[in-house]
Amino acid sequence: MSDPEQRETHPVDDRVEATSAAWQRDYQRVLRLVLARREGQASEYDAYSALALLCRERLIDRWLDTQQRREAENPKYVYYLSLEFLMGRHLQNAVLNMDVEDTVRAAMQQLGLVLEDLYEQEFDPGLGNGGLGRLAACFLDSMATLDIPAYGYGIRYEFGIFRQVLRDGQQVELPDNWLYRGNPWEVCRPEEQVRVGFYGHCVSWRDGLGREHRRWIPGDEVLAVPYDTPVPGYGTNTVNTLRLWEARASKDFDLEYFNRGDYLGAVARKVEGETISKVLYPADDVAQGQELRLKQQYFFVAASLRDLLNRFLRANQEFDRLPDKAAVQLNDTHPSIAVAELMRLLVDEYALDWERAWRITQGVFAYTNHTLLPEALECWGVDLLGRLLPRHLEIIYEINHRFLEQVAARYPGDVDLLRRVSLIDEEHGKRVRMAHLAVVGSHSVNGVARLHSDLLKRRVLPDFHRLFPERFNNKTNGVTPRRWLKQANPALSLLLDEHLGHRWPRELDRLSELRRLADDAGFQEDWRAAKAANKNVLAELVLARQGVALDPAAMFDVQVKRIHEYKRQLLNLLRVIADYLRIREGVDTGVPRVVMLGGKAAPSYFMAKLIIRLACAVAERVNRDPACRGRLQVVFLENYNVSLAERIFPASDLSEQISTAGFEASGTGNMKFAMNGALTIGTLDGANIEIMEAVGREHMFIFGLTAEQVFKMRKEGYDPARYPREDTLLHEVLQTLCGDFFSPAEPGLFRPLYDALVHGGDTYMLLADFRSYVACQQRVDDYYRDRARWTRSAILNVASMGRFSSDRTIREYAREIWGLELD
């Protein structure tokens with residue numbers, strides 16, 4: 001490379017021949033010898049597969065060297081346990097992190113192939129549902145980039161999250177069979193499989209010294225087979241590992257059943273066992289779904305803990321050293337059964353006394369909470385947990401007994417406190433409170449934005465904060481700039497490279513140097529050209545996929561995220577309906593807009609799916625009305641996923657972050673939008689507050705109640721019906737919603753949305769915030785008309801994003817929770 005600064009940032013491994021000729025030669029070798037294809041026979045997917053296998057091949061030496069170095073050093077590992085990993089496509093990320101994209105592009109061009117077309121051949125691994133899984137992926141990228149010894153542990157879902165299609169405006173869930181053509185990035189390790197038990201019973205026994213012990217005899221077992229995926233760091237030779245577990249039956253085929261003619265019975269246990277890793281988040285509105293969810297959680301936790309203990313014991317003999325060699329981060333409440341499982345392993349299988357095992361367990365675990373919604377703090381019925389994991393229920397009871405004894409000693413006579421903090425909820429059918437288990441069994445409990453962490457301490461877990469104030473801390477989320485800026489937005493990245501050099505993807509604080517260019521007319525023109533190019537790319541994609549022709553000259557006003565009532569996609573739609581009604585009346589509603597929404601609703605979440613139907617109905621009506629032409633357009637983007645997000649964020653002008661204040665833990669979409677130059681309209685919720693502090697309130701559009709005002713209004717009594725009585729526009733919007741204007745063929749279709757707002761308490765206070773939101777949107781229009789002012793604010797948004805790199809977040813975890821020293 002000619003740029004010495006770039007050479008310093010990207011050390012080149014001597015084993016990797018950096019010439020396009022070498023890549024051409026090796027690509028042809030892989031195509032022929034691994035895929036058994038000649039160039040004339042190869043499909044575009046074959047070409048992608050060959051290049052992916054070649055990239056993996058180039059990574060393997062680095063991967064093996066990383067493992068060998070770690071074995072020699074015996075370092076402290078970070079184990080990140082997450083039920084979701086939304087990694088996105090691997091090929092472009094690998095090429096970028098190895099710093100060979102230009103070389104590979106030239107090699108493919110010589111072969112008559114377009115690298116960007118090959119990127120599009122890759123399936124998006126559907127291993128997550130939203131921000132939780134994408135955050136986990138960003139963290140893995142940052143840990144590899146910062147050379148932190150780490151493993152990600154999760155489940156290799158065969159189908160993952162569903163593929164969303166829209167039929168007559170309704171979400172239909174189809175299986176997302178992302179593995180049907182194989183996965184060239186993973187390596188199966190059957191020799192490292194782990195047995196995981198379920199059901200059964202417990203027995204007591206005495207050792208030679210007369211001490212009593214308990215042992216679990218499982219009634220059923222499955223095999224957890226690991227599949228490893230390399231996670232390369234950026235600008236480093238470090239390659240970490242994402243290890244995903246696949247469930248296989250411990251007994252594939254019962255010959256006795258087969259010989260009796262019971263052919264289905266011969267494979268029944270195989271089918272039942274392997275169901276565990278079939279689908280992410282099976283519907284839990286039926287008992288079988290609840291049991292399967294708990295099975296999934298225990299399955300991957302048990303396999304992961306056994307795996308990390310095996311790694312620990314290869315280099316260490318004393319279990320007391322485990323907290324010095326393993327930091328296990330629980331990504332939300334899903335993996336919290338790990339606390340009971342590690343105690344079972346230490347006490348039952350390795351014969352440690354309880355106090356010693358508990359000290360080790362607390363030293364190993366740290367818990368990240370990701371929600372302020374009480375219903376998302378998982379609880380499992382005692383009957384279910386006791387039947388599926390009988391020994392674990394015994395251990396949880398013992399943990400609870402000892403914990404409550406300590407609380408009672410500190411606060412004698414406070415029976416109500418004991419009831420509130422107990423691991424067992426006695427008031428709702430006797431359930432185990434898994435968040436309480438995670439808090440009691442960990443040495444650290446963190447929220448993911450400053451407001452979220454404060455509300456955790458004051459509202460969600462106040463008694464635990466009173467008991468363990470030293471455990472609670474904040475780690476504001478971040479996102480990896482490698483994927484979400486350099487990879488997703490090549491037009492803007494080239495501009496940043498030109499003016500900032502090449503270090504910014506690793507040192508995101510360098511973006512602050514853009515401040516000096518914010519008023520430069522020439523730079524602003526280049527900035528707008530990059531945005532226009534990105535808008536054209538997204539418009540072409542939407543036209544190809546959904547047949548909707550977007551106007552790139554209009555403002556792209558975007559809200560993409562999981563569909564949930566607290567995220568208030570419905571508030572956005574009420575505003576769109578208001579604009580539509582005023583357009584029909586001949587009122588000037590502001591600058592031309594394309595309003596885009598996207599996201600998936602849980603299959604059993606009726607109200608969320610009805611909101612999608614409303615979005616599609618509004619889009620159909622608005623887009624057919626000649627009065628809206630050139631003024632307002634609405635589209636619901638089908639099957640929102642990581643790859644689509646990589647096209648949306650760079651193209652967006654306005655980012656809708658409008659959740660009810662006090663309900664969004666953090667959000668990371670808000671960071672990705674701002675990092676790509678979109679201005680934010682939002683409430684003072686989650687990380688919006690910290691983005692506002694970094695960017696400046698004058699460069700965002702803030703509206704609505706604060707978290708304290710929401711809490712106070714709820715406490716004093718909230719009357720949503722008064723708002724439409726006092727606001728003519730809101731009244732008209734709601735009457736349009738509850739009438740048949742958007743559903744003439746299905747009268748009353750959207751009545752449940754109206755009833756929830758006006759008669760059902762308006763849980764998330766859409767009506768209270770409606771007028772403020774509409775007025776704020778008018779400010780957006782006025783601001784957007786001044787191109788220079790809008791562009792200046794967009795530049796300053798990007799310039800302020802340094803603190804929202806996941807590298808910063810991971811440094812804080814490493815220093816303050818995991819006890820790691822980083823260079």
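Asp-557, Arg-575, Asp-579, Arg-582, Arg-593, Glu-656 and Asp-781 are linked in a network of salt bridges, a salt bridge being a side-chain nitrogen of Lys or Arg within 4 Å of a carboxyl oxygen of Asp or Glu. The model is a predicted one, in which local features need pLDDT of at least 70 and side-chain atom pairs count only at pLDDT 80 or more, while totals for chains, interfaces and linings use all residues. Residues are numbered from 1 along each chain as its sequence is written, and side-chain values use heavy atoms, with hydrogens and water left out.

In total, the structure holds 74 salt bridges. Side chains of opposite charge can pair when their charged atoms come close. Helices (H or I, at least four residues) and strands (E, at least two) are DSSP runs here, numbered from the N terminus. Arg-70 is buried, at 4% relative accessible area, whereas Asp-147 is partly exposed at 32%; buried stands for under 20% relative accessible area, exposed for over 50%, and partly exposed for anything in between (1.4 Å probe, protein chains only).

Asp-454 bridges to Arg-458 with the closest N and O atoms 2.8 Å apart, and the two residues, 4 apart in helix 18 (residues 450-460), are separated by about one helical turn. Asp-454 has a relative accessible area of 30% and is partly exposed, and Arg-458 is partly exposed at 39%. Glu-246 and Arg-248 also meet through their side chains in a salt bridge, at 2.7 Å from N to O. Here Glu-246 counts as buried at 16% relative accessibility, while Arg-248 is partly exposed at 28%.

The Asp-625 side chain reaches the backbone nitrogen of Ala-627 at 2.9 Å. Setting aside neighbours within four places in sequence, Asp-625 is in contact (heavy atoms within 4.5 Å) with Tyr-580 and Arg-584.

Now for the strands. Strands of a sheet pair through backbone hydrogen bonds, either parallel or antiparallel; pairing is called if DSSP finds at least two bridges between two strands. Strand 7 (residues 201-206) and strand 8 (residues 212-217) run antiparallel and are joined by 6 bridges, with Arg-206 partnered by Glu-212 in strand 8. The hairpin they form has 5 residues between the strands, and Gly-210 takes a positive phi there, near 85 degrees. Elsewhere, an open sheet of 3 strands has the order 13-15-14 with antiparallel pairing. Its edge strands are strand 13 (379-381) and strand 14 (424-425), each of which pairs on one side only. Strand 13 pairs with strand 15 (residues 431-433) over 3 bridges in the antiparallel sense, and Cys-379 stands opposite Arg-433 in strand 15.

As for the helices, helix 27 (residues 688-695) is mostly covered, with 7 of its 8 residues buried. These are Asn-688, Ile-689, Glu-690, Ile-691, Met-692, Ala-694 and Val-695. The buried residues of helix 27 pack against helix 18, strand 21 (654-657), helix 26 (669-675), strand 22 (679-682), strand 23 (701-702) and helix 33 (787-799). Just after helix 27 comes Gly-696, with a positive phi of about 105 degrees. Helix 21 (residues 490-500) has Leu-492, Ser-493, Leu-495, Leu-496, Asp-497 and Leu-500 as its buried residues, and is followed by Gly-501, whose phi is positive, near 85 degrees.

Lastly, helix 30 (residues 728-738) packs on helix 31 (residues 751-758) at an angle of about 140 degrees, with the axes 7 Å apart. Axes are lines fitted to C-alpha atoms, for helices over the stretch in contact, and angles run from 0 to 180 degrees between N-to-C directions. Helix 30 is therefore oblique to helix 31, given that angles under 35 degrees count as roughly parallel, over 145 as roughly antiparallel, 65 to 115 as roughly perpendicular and the rest as oblique. At this meeting, Leu-734, Gln-735, Leu-737 and Cys-738 of helix 30 touch Arg-751, Leu-753, Tyr-754, Leu-757 and Val-758 of helix 31.

Terms used. Polar contact = N/O pair within 3.5 Å; in protein donor to acceptor, adjacent residues only side chain to side chain.
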